[in-house]
Amino acid sequence: MSNDAFEPPARALPAEDGAGDETAGRLSRSALISLSLATYIPAVSFAMVPFLVFTTSGTSAWQASLLSSVAVICIGRAVIEFARRYVASGSLYSYVGTVFGPWARYVTAASLLAGFIVGVAALAAVVGVFVGSFLYAQGVHSALNLGTQIFVFGAALLLAAAVAFRGLDTSVIVAVVLAALALPLVLVITFSSASHTGIDLSNQLSFAGFSMADTLRGIAVGAAFLVGFESCAALATETRDPRRNVPIAIMAVPVVIGGLFPVMTILQVPGLTAAADQLAAGVSAPAALAIQSGLGHTVASATDIVLAVASFASLVGFVNYGARFIAALAEDGLLPAPAAKIHPRYRSPYVAVGVISLAGFATITALMVWTGDIVSAYTPNATLLVYLWVIPYIIICVGAIVLAVRRQEFRPGLWIAAAVGAATMIWAYANGIINPPAPPADAMIWVAGLAIIFVIGLILVNVRRGDRPPASDDDIDEPQRARP
């Protein structure tokens, strides 16, 4: 096969050797940041985080929202320490290898590979939840069950794969436009609710009912919506001036979206309190806010379709990230070589796009068979996603400290941020043992460990086989580019 069929996506390029990479990529800063933000579905996050943190932490929910964003920003501070120095489409997998060597690469690769698959499955499930809710309201009583849902999330995955296959330009346009279309309705509902009930600052800013245990649980809930925020680093080799643009895109998610979490929480909590009866009856949080604020049932029903569209935009972004991560592992010989194939016209890792989409479909289907409906399947899926990212985040935080020490740099700010980020992820995992969620989500803490061990086994088998794609012309012409 011709060498043109492969594009080396996983090189770690030290900053001092990076002359010439500033204009090598075709993805602009604005396009990368836009895709990064769109992937983290602002509409869905702003609709669900205040409700979920409120149910966990009560009227002090904004404090948990704020602290969860700060914790993820601290993790991001550790990540961009590497993103500023290295250009690699293996994301955290490539970064940790520059500090700790093969063992860290294998563990991180296994965790993230399983994480990307579960992430694609989770986003497909979110699309299914909102479409199913809309269909159920229209009288389709089987809308949340397996038969209907296989068609719904199967179609969503097929369309997302088709968009990703067409390349980054198409993916950016589709994801950003759909995410932008979905956001205004959630903002209208939020501000209407705040206008109707007021924001009750005297109660929300009071620490009278503060509970450290509830706040810590709320931090874990809020942080869960930001897990994988650094995934846009998988596009580094396709981005212009990646050492500047990738760190900005990485931090955009926790700073912009996470930074608005406490604001949206303060605005929504009084309305959520007033809508307790609707929420207890199973009405979704944004729909309940729409009803109690006087916007009517029509607007409430429209939120399901709008949020389904926003979730599809996120699915497109995550399929792109996951596919490029798979291609990076294949390029480094950790996965079979065909997964690194690049389409000659669209320059997309089309085999990897198919792999991540099929794996995501199989994952959410298996969870639905286990649990019986899409709503019940989503909870353990999302829980598993968080646990799979714990180890990579801890390793990258420790790695940032080690990197600074090795370079004999005095960086107390970085060290504190990295320590806070690592402690947050350790707590997220420990809390799953101390205060386990309801079944079957409680089993996910052990499923995560087993999944990582299983994928490490697959990687080691493939490494021993020595299954790598042939070297490209770039590998021959630029031997100073060391693989991570």
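Is helix α12, residues 285-292, mostly covered or mostly uncovered, and how many of its eight residues are buried? In this predicted model, the helix is mostly covered, with seven of the eight residues buried. The buried residues are Ala-285, Pro-286, Ala-287, Ala-288, Leu-289, Ala-290 and Gln-292. Their packing partners are helices α2 (42-57), α7 (168-197), α10 (242-274), α11 (276-280) and α13 (297-331). Just after α12, Gly-294 adopts a positive phi of about 90 degrees.

I turn now to the aromatic rings. A pair of aromatic rings is described by the distance of the centres and the angle of the planes. The structure contains 15 aromatic pairs. One of them joins Phe-46 and Phe-261 in an edge-to-face arrangement, at 6.3 Å centre to centre and with 90 degrees between the planes. Because Phe-46 belongs to helix α2 and Phe-261 to helix α10, this pair ties together parts that are 215 residues apart in sequence. Phe-46 counts as buried at 4% relative accessibility, and Phe-261 counts as buried at 0%.

A further pair is formed by Phe-82 and Tyr-95: the ring centres are 5.8 Å apart and the planes stand at 20 degrees, so the pair is stacked. Phe-82 sits in helix α3 (residues 61-83) and Tyr-95 in helix α4 (residues 92-100), so here the parts tied together are 13 residues apart in sequence. Phe-82 is buried, with a relative accessible area of 0%, and Tyr-95 is likewise buried, at 1%.

Finally, ring pairs link Tyr-93, Phe-116, Phe-318, Tyr-321, Phe-325 and Trp-389 into a cluster.

Definitions and conventions. Residues are numbered from 1 along each chain as its sequence is written. This is a predicted model: local features need pLDDT of at least 70, side-chain atom pairs count only at pLDDT 80 or more; totals for chains, interfaces and linings use all residues. Side-chain values use heavy atoms; hydrogens and water are left out. Buried means under 20% relative accessible area, exposed over 50%, partly exposed in between (1.4 Å probe, protein chains only). Helices (H or I, at least four residues) and strands (E, at least two) are DSSP runs, numbered from the N terminus. Contact means heavy atoms within 4.5 Å. Rings of Phe, Tyr and Trp (its six-membered ring) pair if their centres lie within 6.5 Å; planes under 30 degrees apart count as stacked, over 60 as edge-to-face and the rest as tilted.
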